[in-house]
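I record here what I looked up in this model, entry by entry.

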Amino acid sequence: MKTIFTLGHHDLRVFLKDRTAFVWLLVIPLAFVYFMSFVSRPPGDPRDAQPAIWVENLDEGFLGTVFLDILGAEGVRPVSGEQVEDARRGLRIPANFTEQVLQEQQVRLAFFDMNDSGSGQDLRAELVEANLIRAVIAINGYLLEHATNTGGRPLSERALRRLMELENPVTLDSSFAGRKPMPVGFSMSLPGVMVMYLLMNLLIFGGAGVASERQSGVLRRLSIQPVNAYQLVFGKIYGLMLLGCVQIVGFLVFGQFVFGVNLGDQLPGIVLTLLVFSWVASSLGLLIGFLVKSEDRVVGLGIMIALPLAALGGCWWPMEIVPEGVRTIAYFTPSAWAMHSLHQLISFGGGIETIVRPLLVLAAFGLGANLLAARFFRV
């Protein structure tokens, strides 16, 4: 073990001697975390989404305004005039809305698609429709309650608003299934970029380091020392994992104290996941270095492998939005299992028991890569 530790510590000192390494380890990846957080950031707090609806209120009485207040209380943000914003649906309140209701006549509100986008799935539009139905049910309930309580006396705005201020006898308290909000913003970009850059850096640094040492004869000189092949392989992997630890610590510190992602509750599980994933990426990097002779080709191959695996594994977007077939293929990659584990811990509030399966799968990837690296070891 002493030989493995000595080799690993030596490799880490060589890596960190070059100050530009910190640019690739921390500066550029953290800048990616910041900018990619805007890709998955909704307009507003995800725990209090208020989709917009464009409203044309032609009613000259009080009921049109009261109905819009009810609609706002149900979670829809009415906009009007040129303020179309991101409204997917529109609502037109007829001119004689109040008059017809007071005469106990049936009134129809016009609800329409703003962009004639057809019946395609739009979750924000569906949320508007659901809340509009709740608002219609609510105003009918207030009208019925007023008629019941007053014995049919004429309806006034003051009486109606007084009823709206009363506490409902039955309420529904809803929340997200997990303890944390859905993975958006920094909660999505931080683990995604962290997994992507851990994979890419360890593939490139590991493979390029081996290729460079082979070309310069360092591996041949080591082979005549009292060091066997397994000590050399695991010493290299240990050094790469130490390099990964430098990147992990930087990401976790910035994530907690700069980007405001709550990592503290599940820190042991997060660190364990990232360490196992670093082992996998380091082993794969070493394998590439043993298979490819040229250092330049190793760098290109590392990028060509890391970027598709990152996209496929859910580092760029949530896995939930990709087709079922793509999701099935993704789980043949270590990046998908790493992201699965991190989202369980960071976004859904799961404990260590929820990441046992992802860790076992990642360990299988790491063991397989270790065996292949030992099989193709050459000086």
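Entry 1, helix α6. In this predicted model, I looked up burial along α6, residues 157-165, and found Ala159, Leu160 and Leu163 buried. I then asked why these residues lie on the same side of α6. They cover an arc of only 100 degrees around the axis, which puts them on the same side of the helix.

Entry 2, strand pairing. I looked up the partners of strand β1, residues 52-57. Strand β2 (residues 77-79) runs parallel to β1 and is joined to it by three bridges. Within β2, Pro78 is the residue that stands opposite Ile53. I also noted that β1, helix α3 (residues 63-73) and β2 make a β-α-β unit, and that this unit is right-handed. Strand β3 (residues 89-93) is likewise parallel to β1, with five bridges joining the two. Glu56 has Arg92 in β3 as its bridge partner.

How many salt bridges does the count give? I recorded nine.

Arg92 lies in strand β3 and Glu56 in strand β1, so the pair ties together parts that are 36 residues apart in sequence. Both are partly exposed: Arg92 has 32% relative accessibility, and Glu56 has a relative accessible area of 26%.

For Arg89 and Glu129, I noted a salt bridge at 3.2 Å, N to O. Because Arg89 belongs to strand β3 and Glu129 to helix α5 (residues 123-150), this pair links parts 40 residues apart in sequence. Arg89 is buried at a relative accessible area of 9%, whereas Glu129 is partly exposed at 30%.

Lys236 lies in helix α9 (residues 229-257) and Glu213 in helix α7 (residues 186-216), so the pair ties together parts 23 residues apart in sequence. Are Lys236 and Glu213 buried or exposed? I found Lys236 buried, with a relative accessible area of 8%, and Glu213 buried at 16%. Salt bridges that share partners join these two residues and Asp11 into one network.

Conventions: Residues are numbered from 1 along each chain as its sequence is written. This is a predicted model: local features need pLDDT of at least 70, side-chain atom pairs count only at pLDDT 80 or more; totals for chains, interfaces and linings use all residues. Side-chain values use heavy atoms; hydrogens and water are left out. Buried means under 20% relative accessible area, exposed over 50%, partly exposed in between (1.4 Å probe, protein chains only). Helices (H or I, at least four residues) and strands (E, at least two) are DSSP runs, numbered from the N terminus. The arc is that of the directions from the helix axis to the C-beta atoms. Two strands pair if DSSP finds at least two bridges between them. A crossover is right-handed if, with the strands pointing away from the viewer, the path from the first strand over the helix to the second runs clockwise. A salt bridge is a side-chain nitrogen of Lys or Arg within 4 Å of a carboxyl oxygen of Asp or Glu.
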